[in-house]
Amino acid sequence: MAAVCVFCASSSDLDRRWLELATQLGKALGPRGHSLVSGGGRVGMMGAVADAARASGAHTLGVIPQSLVDLEVADTAADELIVTTDMGARKNIMIDRSDAFITLPGGLGTLDELFEVWTTATLDLHHKPIVLLNTSGFYDGLLSWLGRLAETEFVRRPALAQLVVVDSVEAALDAVDARA
């Protein structure tokens, strides 16, 4: 059983398929015996994954800064909700409380979280699996750019190898199970 941290979009103004992907991942956590660590929001993909995880029997831990609580977007239904002073403290707690990371489609915040856990892994600060769910080629452009960075030695190939890229929820959870 792993505490799986899921990074994803918090926007509700998304194509329905992305919300359904988040729901699918949340539903799959409980039957595998995993718990969810999330950014503590109740909106968008973040809310969808948390609601589905709870419905599947998974324990949910949300970590959210006070500024977002003040905007009334906190997942108050979370089994455990930690309110932090800022986004940096939020990320640190999420990393500490997680055994593995899955990144779903998202924007700047999602990329920030992905790069934070990936960078800390390349610095040997943790050995937790980092999975990028590249459904429908969402991250193809990013992966292409990262490949070019490796060609020019701005990113080392072993660092690229630390990121497990998959295209389905089942493959993402299989990767977590194999490495956590």
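Reader: Which residues does Ile102 touch, leaving out those up to four places away in sequence?

Author: A contact here means heavy atoms within 4.5 Å. By that rule Ile102 touches Val4, Cys5, Val6, Phe7, Leu25, Val131, Ala172, Leu173 and Val176. Keep in mind that this is a predicted model, where local features need pLDDT of at least 70, side-chain atom pairs count only at pLDDT 80 or more, and totals for chains, interfaces and linings use all residues. Residues are numbered from 1 along each chain as its sequence is written, and side-chain values use heavy atoms, with hydrogens and water left out.

Reader: Which residues have the most contacts inside the largest nonpolar core?

Author: A nonpolar core is a set of buried Ala, Val, Leu, Ile, Met, Phe, Trp, Tyr and Cys residues joined through side-chain atoms within 4.5 Å; buried means under 20% relative accessible area with a 1.4 Å probe, protein chains only. The largest one here has 31 residues, and Val6, Leu25, Met45, Ile102, Leu104 and Val131 have the most contacts inside it. Elements that each supply at least two residues of this core include strand 1 (3-7), helix 1 (16-29) and helix 8 (169-179). Helices (H or I, at least four residues) and strands (E, at least two) are DSSP runs, numbered from the N terminus. Apart from that core lies another, of 23 residues, among them Ala3, Leu61, Ile130 and Leu163.

Reader: And the whole chain: how many helices and strands are there, and what share is buried?

Author: Eight helices and seven strands, with 49% of the 180 residues buried. Among contacts with a separation of 6 or more, 69% come from residues 24 or more positions apart.

Conventions:
Buried means under 20% relative accessible area, exposed over 50%, partly exposed in between (1.4 Å probe, protein chains only).
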